[in-house]
Amino acid sequence: MTDNHPFGSGMFQGQAKFVDYAHMNQQEVQVNTLDEPVLDTLLRDINMILYKLSYVIIPRMKETQGRKLRNWDLWGPLLLSLLLAMTLGINSNQSSDTIFGTIFIIMWGGSAVITVNAKLLGGQVSFFQSVCVLGYCVFPINVAAVVITFLQSYFGFFLRLIIVGVAFLWSTFSSLSFMSSMMNEEKKVISVYPIFLFYMFLSWFCIFI
Amino acid sequence: MEIGVQKQTDEEKQVQKGQFNKLNDSGDKRQTGYCGFLTVEYYTPYFNVTENDVIQRVKATFLPFRPDFLNITKDNPDLWGPIWINATLIFMITAIANLRQVDSEKENQSFDVGYVPQATALLYIIAFGTPAILAVVMKVLGVDLSFFQTICLYGYSMSTLLPITILCYFQNELFLWLIITYGVGNSILFLIFNLKEELDKLQIQKKYIIIAIVVTMQLSLYLFYKLVFFSYVSEGNVETTTTSASSEPKEPAN
């Protein structure tokens, strides 16, 4: 039953407060998710992440279809940021820990700053939803980084530029399809520009792997 | 911060009612309590710009002899410009530094993120620290310019660095010094002409204090900028020269 419910998530295990449930009371939910096997919890979380990634891969412009993304979680962004930072760190010839740290901080700090910027400009964004969306939309850049890493010798500079360019446009477009509905009409360009800069920053490093 | 999805829209609606308050005469928004500056709502009036406003302000930066920047921004100082112009600059510094490396080392391409923390610290400290110092000094000397207006003015003066950064891609030493000089001149003139109206109300000695602070900080910013670029190129040459065992410390003329 918890799989069908929007709040059925392994993340809420052990927490005392739940918002509200249509189908069951608090006791039943706690028992259900605490007693299940670990594999079930993991699979449920992985399914949730994959489900959200499908929204990233196929950006949908209508806001109603993006409603499922409102159940924010930070596992996906964490995994994606770790993967990106590790990929870029492995490929660098210098201190990979600096690069790892920089990418990680840029990703999380950047998401936070963009969200605060959108809020300050009068947009109706919730902080963690926005961080979640921005984090998930790094997925195409991640794919580009991994692809370039493994096929390094076959790719010239311009081919890398094209691949990273496509990934960057994909990321930006899919995050816009969710974020633009929440922003103030007349300030859309200056709300969107930081997102553009953020993904450009992250994808720039992939060209030089 | 909101956690539950259902509570979020109600809370956001309550917050929205308190936003977009008008500024009072001195251009600051006074918040009750001492911790008002820690809330989001305190800074919302300073983001009341559209993209046309921003473009107009950036254009005004490049025309220092027509000092209407302060007139445009007196009633509506914004913080969006300073923050994101500096963020763009940080990205451009990293990008151009990497692009320069692509040309010099064909086989050993790697990217250097060492500039990101340095550039972030340098740019943001200068973009927000100098106006703080200036505002304090000006308040002491009696100029009526609020803190946020100074930040706005100073932050937009950084936009002179945007084309300069792009042009720093070229490796000709003379060219780099020329554009750095142009940048210093443009930004100093921009700042001084826009402050002129306020400064004329003061006595001459006090005026020169402020002018001296402005000139010093701009010079040091541009010198740091140049040295960051310059030292990078010579390091790159040192690496290649150690591997190829020649002893040329200067960058080769391209």
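These legends walk through several close-up views of a predicted model.

In this predicted model, local features need pLDDT of at least 70 and side-chain atom pairs count only at pLDDT 80 or more, while totals for chains, interfaces and linings use all residues. Residues are numbered from 1 along each chain as its sequence is written, chains are lettered from A and ligands numbered from 1 in the order in which they are written, and side-chain values use heavy atoms, with hydrogens and water left out.

**View 1. Chain A is built with 8 helices and 0 strands.** Helices (H or I, at least four residues) and strands (E, at least two) are DSSP runs, numbered from the N terminus. Read from that end, the elements of chain A run α-α-α-α-α-α-α-α. Of the 209 residues in chain A, 51% are buried, meaning under 20% relative accessible area with a 1.4 Å probe, protein chains only. The accessible surface of chain A comes to about 9900 Å², and carbon and sulfur atoms supply 68% of that; such areas come from the Shrake-Rupley method with a 1.4 Å probe.

View 2. The average pLDDT (the predictor's confidence in each residue, from 0 to 100) is 77 for chain A, with 77% of the residues scoring at least 70.

**View 3. Helices α2 (residues 38-57) and α3 (residues 75-91) of chain A pack together.** Their axes, lines fitted to C-alpha atoms over the stretch in contact, lie 9 Å apart at an angle of about 75 degrees. That makes α2(A) roughly perpendicular to α3(A), a label for angles of 65 to 115 degrees. From α2(A), the contact is made by A:Asp45, A:Ile49 and A:Leu53, and from α3(A) by A:Trp75, A:Gly76, A:Leu79 and A:Leu80.

**View 4. B:Asn86 sits in helix α5 (residues 80-104) of chain B.** B:Asn86 counts as buried because its relative accessibility is 0%. Leaving aside neighbours within four places in sequence, B:Asn86 is in contact with B:Leu123, B:Tyr124, B:Ala127 and B:Met158.

Conventions: Axes are lines fitted to C-alpha atoms, for helices over the stretch in contact, and angles run from 0 to 180 degrees between N-to-C directions. Angles under 35 degrees count as roughly parallel, over 145 as roughly antiparallel, 65 to 115 as roughly perpendicular and the rest as oblique. Contact means heavy atoms within 4.5 Å. Buried means under 20% relative accessible area, exposed over 50%, partly exposed in between (1.4 Å probe, protein chains only).
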